[in-house]
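Thanks, everyone; I would like to take one residue as a starting point and then step back to the whole chain. Please have a look at the structure as it comes up.

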Amino acid sequence: MADPLGELTRTHYCGDLSEALVGQTVTLMGWVATRRDLGGMVFLDLRDREGLAQVVARPEVSAAAHAKADQARSEYVVAVIGEVARRETPNPRMKTGAVEVVAREIRILSEAKTPPFPIEDELDTAEDIRLRYRYLDLRRPKLQKALRLRHKIAFEVRRHMDEQGFLEIETPFLTKSTPEGARDYLVPSRVHQGQFYALPQSPQIFKQILMIAGMDKYFQIVRCFRDEDLRADRQPEFTQVDVEMSFPRMESIFGLIEPLFVRLMKLIDVEIQAPFQRMSYAEAMARYGSDKPDLRFGMPIADVTEEMRTLGLATFPDLIAQGAVARAVAAPGLSGGRVKKLNEELWLGRIVPDAHVAKRTLFTLKNTEEAIANLVKKGASESAVRALIAKAGAAADDTVLVGVDAAGPLSMAMGILRLELGRELKLIDEKAFRFLWVTDFPLMELDPKEGRFVSLHHPFTAPTDEDAHLLDSDPGAVRAKAYDLVLNGSEVGGGSIRIHDSAMQAKIFRLLAMTDEEARARFGFFLDALSYGTPPHGGIALGLDRMAMIFAGATSLRDVIAFPKTANATDLMSGSPSDVRDEQLGELGVAVARS
C-alpha cells in the first residue's frame with residue numbers, strides 16, 4: 001500500500017542541491033535510481049528531471065526512514081525529508097556529489113515493477129523495446145536533456161519573433177486536400193459523408209492569405225503532416241517554425257533568420273558569426289554534389305573533364321565525346337584494398353543503382369611518382385596526369401578518384417562518395433557548426449517519369465526577375481527566388497519569395513501541367529484571394545525537430561521528440577494506427593477494403 005503524499009510539498013529538485021544548503025531541511029521527490037545497503041546504512045540515489053541526489057538512511061537517525069529505504073527498489077517513487085550534509089567522500093562525477101540528504105522521513109508514494117531495461121544513458125537495448133516503453137525511456141537523463149533543449153529552442157524562437165514584431169497566429173489543421181508533392185493524411189467527414197479533410201503538409205496557403213489580409217508579419221510553431229516514407233531525420237508528423245512577411249527582399253529573410261540562429265546556438269554554448277556563407281545551387285552541385293553540402297570538411301569535387309579527355313587512355317575520350325563529364329575528389333590515406341572495396345561495395349553497389357555510374361568503376365590514381373610513372377608507361381600523357389592531380393587538389397600520397405558519366409547522376413554520386421569518405425576517414429569536424437544559404441534553385445524541373453515539369457520547391461515560388469521571360473521558351477532554365485538554410489549537411493530551413501500576381505500564379509500552374517479547371521478546383525479560393533490586392537511577400541519554414549536533433553548531437557529525430565513514430569509510422573507504445581469499430585466507420589460513411 002502506497003504512502004499518502006498528504007500535505008507534503010517538494011522544496012528542491014534533486015539536481016539543485018549544493019553546499020549552500022548544508023544544514024537546511026529539504027523535501028525531495030523522485031525515482032529511486034539505485035539502492036545500496038552498506039553495513040546497516042541504506043543509500044538511495046534519487047532522480048528527477050534536474051539530476052541525482054544521494055540520500056542516506058541511518059537507523060540511529062530514523063528507524064522508520066531506514067525501514068522505508070530498505071523496502072525501496074529501483075524506480076519506486078519516493079518522498080524524502082531530511083537535512084543536507086557534506087559527504088565524507090565527495091563524488092566529482094555528480095553535479096550534487098559534494099552533499100547528501102540524511103533522511104528523517106521517507107514515504108514510498110508508488111511501487112514499480114522491474115523495468116525491461118536499465119534507466120541509464122548508455123544502453124544497447126533495441127529501439128523497438130525502448131519505444132514500446134517510451135515512458136521509461138524518457139526517464140533517461142539524455143532524453144530529458146534533449147527535450148529541455150527543444151523547449152529552450154522554441155522559447156527563444158518566440159522571444160526573437162516577438163521582438164521583431166511578428167504575430168503568432170494559428171492556422172487550421174482540418175484543411176482542403178491540394179495534392180502536390182507528398183501524400184496527404186486524409187480525415188473523413190462525418191457531417192459531409194464521402195468528403196475528406198486533409199491534415200496540412202504546411203500552412204503555406206494560409207500564411208500567404210494572412211499577408212493578403214494585412215497581418216504583415218506572421219509566425220507559428222506548428223505541427224505538419226506528410227504521408228511519406230520515413231528516415232532517421234523524417235517523421236509523419238513534425239514541427240516547423242513557420243514564418244511569412246510582407247514586402248521582403250531575400251535579404252530581409254536572411255537578416256531575420258541569421259540573428260535567430262546566433263542566439264539559438266548560445267543555448268549550447270556555441271558562438272557563430274553572421275552573415276552566413278552563401279552559395280548558388282549550381283555551385284553547390286558542382287563542388288559538393290549536393291544541394292545541402294556539409295562544409296565541416298574539404299574534399300571539393302573538381303571538374304576534370306578536359307584532363308580526362310586528354311589523358312591519353314582509351315574509353316574516356318569516347319565517353320566524353322558522347323556527352324559524359326568527369327568529376328574527381330582527392331582523398332588522403334586510402335589503401336589499394338580500400339579503393340577496390342569502394343568500387344565493389346559503394347560505387348558499383350549503393351550510390352545510384354539506376355544510374356550509369358553503377359556500371360562503371362572509378363578511375364583512381366595515387367599521387368606518387370611511382371604511380372604517375374606507371375600510368376605514363378600505359379600510354380598516358382604525363383602533363384595531363386599532373387594537370388589532373390593539380391585540378392583535383394591532391395596532396396602527396398592522396399588518391400584521386402574520378403567518375404565519368406552524365407552530369408546529373410554523376411554529380412549526385414560523387415557527392416555521396418565525398419560524404420562516405422569524409423565519415424570513413426574522420427575528416428568531419430564533429431564540433432563545428434557550418435551554416436550555408438543555398439540560393440538560385442531551378443524553379444522547376446522535368447520529371448522524366450511523368451513527362452511534365454514539377455516544382456523544385458512548391459508552385460507558389462516566384463521566378464527571379466531576370467529569368468521570368470524564359471517561362472514560355474525554356475522553363476527548365478528559370479531560377480527561383482528560393483533559398484535553403486543548410487547546417488552541417490542537413491537542410492534546417494527552406495523558403496522563397498512568393499508569387500503575388502494572380503496571372504503569374506495561373507501561368508505557373510499551367511506550366512506544371514495543371515489545367516485551369518484543375519487549378520480552380522484545387523486552389524480556387526487562393527486564386528480569388530490573390531486578385532484582391534496582394535502585397536509582395538515571402539517567408540521560410542525551419543524544421544524544429546531537425547534543429548533540436550543537430551543541436552543535441554543526436555543521430556535520429558526520435559531522440560528529440562517525446563512520442564515519435566517508428567520507421568513504418570507506428571507508435572509502439574499506444575499501438576497506433578489501429579482498427580476502429582464498424583459503427584464508427586458507418587457514421588463516417590467509410591468502407592474498408594481488406595486484402
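This is a predicted model: local features need pLDDT of at least 70, side-chain atom pairs count only at pLDDT 80 or more; totals for chains, interfaces and linings use all residues.

T305 is buried, its relative accessible area being 15%, where buried means under 20%, exposed over 50% and partly exposed in between, with a 1.4 Å probe and protein chains only. Residues are numbered from 1 along each chain as its sequence is written, and side-chain values use heavy atoms, with hydrogens and water left out.

As for where T305 sits, it belongs to helix α8, residues 305-309, helices being DSSP runs of H or I with at least four residues and strands being runs of E with at least two, numbered from the N terminus. If we set aside neighbours within four places in sequence, T305 is in contact with I320, A324, V325, A326 and R327, contact meaning heavy atoms within 4.5 Å.

Stepping back, the protein has 17 helices and 21 strands, and its C-alpha trace spans about 90 × 75 × 55 Å along the principal axes. Of its 595 residues, 48% count as buried. Finally, among contacts between residues at least 6 apart in sequence, 68% join residues at least 24 apart.
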